[in-house]
Structures are given as C-alpha cells and as structure tokens.
Amino acid sequence: MSQQPHLGIDLGTTNSLVAVFEHGAPRLIRNAHRAVLTPSVVGLLESGEVLVGEPARHLALTAPERVCAAFKRWMGTDRSVQLAGRSFSAIELSSLVLASLKRDAEADLGRSVTKAVVTVPAYFNQLQRAATVRAGELAGLTVERIINEPTAAALTYGFHRREQNQRLVVFDLGGGTFDVTVLEIFEGVLEIKGAAGESRLGGEDFTETLVSDALARTGRTLELAELREPLLVARLRAEAELAKRALSEARTSSVRIPDAQGRVGPDSPTLEFDAARFEALAQPLLERLRRPSLRALADARLAPAQIDEVILVGGATRMPIVQALAAQLFSRAPRHEVHPDEAVALGAAIQAALVADDQAVSDMVMTDVCPHTLGVEITKEFGSRHVEGYFMPVIHRNTTIPVSREESVFTRHDGQTTVSVHVFQGESRLVSENLALGKLIVDGLPPLPRGLEIILRFTYDLNGLLEVEAIVPKTGQRYATVIKQSGAQPTKEQLQAALAKMQALKLYPREKLENQRLLAFATAALRELDAERRAELERTLDLYEHWLNQNDAAAFAYARGALIEVLESFGLSYREEPQ
Ligand code: AMP
C-alpha cells in the first residue's frame, strides 16, 4: 500500500483547517461546503445528530443552548458543557471537529486517513497538549506530532524562503490565543529562538469589549443580559463581530441592538462605534499583547533592531490597532506575507512531510523550543527552619527541544525511605503560583542518613510532552513517569468508554448538509421580512422542516422546491453550493 497522506490540522479556537502535503507542496482541503475554514463549533440537533462547522454556527442563532463554540479555551480542564441534556468535555467536542476534518480529507483524497500532525498554541501547557492528543485518538487519528501554531506558520514561511537568512518575529493573534515567536532561518535550518504568549487572549476578547460597551450604553450588564436575554446576547455577539471586522476596513461602523428574541430589523436601535472608541475600549487588551512580545525578544537575546521582518498570522491581526501595536513594538511595518488564516494548517502539513522524511523537504531542518519552565517543588532551609513550596527549575523556558536535563535533590531526614516529587510548570518561584503537572513517588529507599542523593532527569520531547525520571545513584533504582494528565491518568476502560460514546453519536450526513444550509438561510431571511411575507415564509419553512426530519423523499423534494420558490418570489435567491 502506498504511504499515508501527510495531513496537517490547525485545530483553532474559532476555525479549523486541514491541509495535505503532496507533490512537493502543501495544499488546503475543502469541506462539504467547499470552504477551507470549518468553524470550530459543534451543535446537537433535536434528532440527536451532531452538526459541525458552518451549520452548527447557524444553529447557534436560533438555538444557542444546542451549540458550543470556543471550547479550545478549556482544553486540559475538567469543565464540561451540557448540550441538549448531554454532557461534553472540550476533548470530546474537539474530537468531533477533528473527525469532521478527517472525513473531509478522506472525501478529497479518496482513501482513509489515520495519521496527522496537529497544531496547538505555543503557550499550551502539558495538560492541554495531552488533551489535544486524546481528542485525536477519539476522532480515530494518531497524532504523530503536536507542533506549536506559530512554529507551523513560520514553517510555511520558511518553506518558500529556505535559501534566505533572516531573523523573524511571528506575531499570531487568533480567536482565543496569542503567541509571539522569534526565529532564525539560516541555510534551510529554522531555529525557534524564543516564544511567549497568553492562552486566554484573542480576537474574541476584542469582540466582547464591543458587546459589553453596547450593553452598557443600553443600560445593561453582560452578566445579567446573558442570563435574562440569551438570544439578544447571542445575536449581539454576531453583530459586534461584524462591526469589529468592519472597523478593519473603515473608520466607523455600527451595531444593531437585537430584541429579546434576538431579532434585528430596520427599526432596531443602532449604536455607532468609531476607531478611536474601539481603540480606547481595547487598550487593556493591547497592553496584554505587549508584555509577552518583549519577553520573547529578551529570551531570544535580540533587540528589536536585529529583527528583519515581522509576520502577522491569525485572523485578529487584521485589526489596524493590532498592526499598529506590532509596528511600534518591533519598529518596522509588519507583513501579511502568508495568508493569516491558512499558514498554520499548511505548516502542519509541511511538518507531517518532515516527520515522514518526504524527499521534497530533505533540505529542511526545524528546531523548536519548550515554551515554559518545568521543575519540581523543593523545601528551603532557613537556619533550622524548613519552608516548603519553592519551585526549582529543571528545564528553563525557551530551551531548544528535544532536551534532557538533570538536577539533584537530597533526602531531608535520617532513615527517609520515600520522596514524592511534585512536578510544576511556570515562571514563579513559588509552586502555588505555578501549574501542578503531576507527581512521581520514589519509594523503597535504603534507610540511610539524610542527604541521600536522588537525580531528577526531565526529558522534553518534540511533541512538548515531558518524561520525569528519578535515579538513586546509591542503589541504581530508577523510577519514571510520563506527565500527561494531572492526578489520575485515564484508564484503558475510561478511554474505551469515551470512544464508545463518541462513536454512538450520529453525525449529520454530509450529503444532507445542503438541506441544513437552506434551513439556516430561510431562518435568517425570516427575521428581515414584514409581517405578511414573514407569515408566508414561516408556513413553507415549517413544512420544509417537518419533511426534513421524515423519511419521505418525494414529500421532502416538494417542500424543498416550495421553499426555494417562496424565497425567490421575495427576491431572495438561494444559491446551492457547487458540489
Ligand atoms: P483565527 O483563529 O486565526 O481564525 O482568528 C479568528 C479571529 O480573527 C476571530 O476573533 C475573528 O473575529 C478575527 N478576525 C477575522 N477577520 C477579521 C477582520 N477582518 N478584522 C478583525 N478581526 C478579524
């Protein structure tokens, strides 16, 4: 059998993409809607079927309680969400998006696909990375490599400019995450020199400032409005998103305030937003972009003047206020050299080709860094006083990976036979301010006087996963653990159960997506019509929806034709997507 296709997946907060590396270059794959962007949104229909992407996003307008978006923000946490009475974790929701992309790739390539390289924000921690690998497993994919999004974007850039020598900054602001990466390209070698970022900061926060401000200007608070008028808030978010994008092109834009049912029309109250107001609202967010940018430069031991180019990646870098900040920080005009939405997935496909030793990339090498400091809890001695809770780094942030480092610790009491090694990630000197990753128990030590040496060896692999070993030189004993999940790792049975749950979900058939699109189109059109025409469309729409869920092809075809006809008679022509 021929080699598996080299797939790369950008599992984004807002949108996801899949690309394949073939015939010496990466190429994006289109989904069932002929689009390369699949919204990272999952919806559950009343029939129990799962919708992913564009149709799920449409469903959010009419039934927000059946839809979940932006779940990437809680990867690696225990949080779950209820959709139509069923509970889903971020891993499970992500697996549904991955499964949908896998099916799109299979439809395009005409063969089954089981392996992929998946990207994560550079600032994703151990738990978030492990959660991403698990989401892949649940989707039936072996995640061959996890790579950092900005590294992937840089790879796309470097792939086309392998022969140049340059120092670059990749400034990546997506829907929910921010990453800044400093790298050097030298004779085909791409070396990541520093990375920093924030895992909860992105374009959606800029939209939220408009939502909050619009609500405040109409005498509401976001918290209360979300409880009391969820349909209004859901629609307002969509309106604010449009206004934010419009402000990327023009000096002013406006937001229509929906009614409590989430409807907008010609009579809806309208609020104006101009660039200055938006900039003032976004000031705290811009400040949060500044700090990691300076840290990444400092870690790379470079001054802004030594940077040759600043590349903008991620949809939210289209905002002029973000571009102005990047220009000011690095003292040069940034470039949109690579398509901001597409660079990450294309880079993941290039990485997949590198993993598979594809001939077309044999002249390329890439090195990445570990974006966080990793270490253990220690006790400090102050005279006769022992104070617990201090952090001892073993691998410092921005060390080139893969890397293996050792540090020694010593038993504190005479006859001590166990030591528990608590592993943390973070930059604070106190473990309470860092993230707990896991624990390794070293037991069965010989009961010797205090001061018995234990060597801790940390090995950080290319996927950003950490192995911790403890070696007792006196006895030759060795203990090891791979840090994947804090506390309990899922057992084989738990994994099987999660797989069974995902497989039991019925995915909405790809061939029926077009019908769902028509439903969304007509539902959206309904909001804009006057009473009389609205009543007529509603009747036809009810009929259509009824037959959509029945098993009568002839009746459904009739209802579908009638719906399109009514829409056309109102001057709303519905165009089917080319298949
Ligand atoms: P990504 O995750 O890279 O696809 O980025 C998605 C984010 O980019 C979302 O927050 C979008 O609102 C934002 N975005 C996309 N296009 C624009 C635009 N023209 N102006 C401002 N923000 C945009």
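Reader: Is Asp 357 buried or exposed?

Author: Asp 357 counts as exposed, because its relative accessibility is 65% and exposed means over 50% (buried is under 20%, partly exposed lies in between; 1.4 Å probe, protein chains only). This is a predicted model, in which local features need pLDDT of at least 70 and side-chain atom pairs count only at pLDDT 80 or more, while totals for chains, interfaces and linings use all residues. Residues are numbered from 1 along each chain as its sequence is written, and side-chain values use heavy atoms, with hydrogens and water left out.

Asp 357 sits in the loop between α10 (343-355) and β18 (365-370); helices (H or I, at least four residues) and strands (E, at least two) are DSSP runs numbered from the N terminus. Although Asp 357 is not a glycine, its phi is positive, about 55°. Glu 187 also has a positive phi, of about 50°, without being a glycine. Its place is the loop between β13 (178-186) and β14 (189-198), and with 59% relative accessibility Glu 187 counts as exposed. Another backbone feature is the cis peptide bond between Ile 401 and Pro 402, with omega about 0°. Pro 402 belongs to the loop between β21 (399-401) and β22 (403-410).

Next, the domains. An automatic or database domain assignment sets the bounds, dividing the protein chain into domain 1 (6-201 + 286-369), domain 2 (203-283), domain 3 (374-505) and domain 4 (513-569). Between the C-alpha centres of domain 3 and domain 4 there are 60 Å.

In soluble globular proteins, nonpolar side chains tend to be buried together. A nonpolar core here is a set of buried Ala, Val, Leu, Ile, Met, Phe, Trp, Tyr and Cys residues joined through side-chain atoms within 4.5 Å. The largest nonpolar core holds 46 residues, and Phe 171, Phe 206, Leu 289 and Val 322 have the most contacts inside it. Helix α8 (residues 275-299) gives the most to this core, seven residues. Domain 1 and domain 2 both contribute residues, so this core lies between them. A second, separate core has 42 residues, including Trp 74 and Leu 98.

On a 1 Å grid over the protein atoms alone, a cavity is a set of points where a 1.4 Å probe fits but cannot get out, and lining residues have an atom within 4 Å of a point. Volume is the space filled by probe spheres set on the points, which are joined across faces, edges and corners. The largest cavity has a volume of about 200 Å³. Its lining has 19 residues, with Ala 32, Val 52, Ser 100, Arg 103 and Leu 513 nearest the centre. To this lining α2 gives the most, four residues.

Finally, the search of the whole structure finds zero disulfides, a disulfide being a pair of cysteine sulfur atoms within 2.5 Å. Cys 68, at 5% relative accessibility, counts as buried. Cys 370 is buried too, with a relative accessible area of 0%.

Terms used:
1 Å grid on protein atoms, 1.4 Å probe; cavity = no way out; pocket = protein on both sides within 12 Å on 5 of 7 lines; lining within 4 Å.
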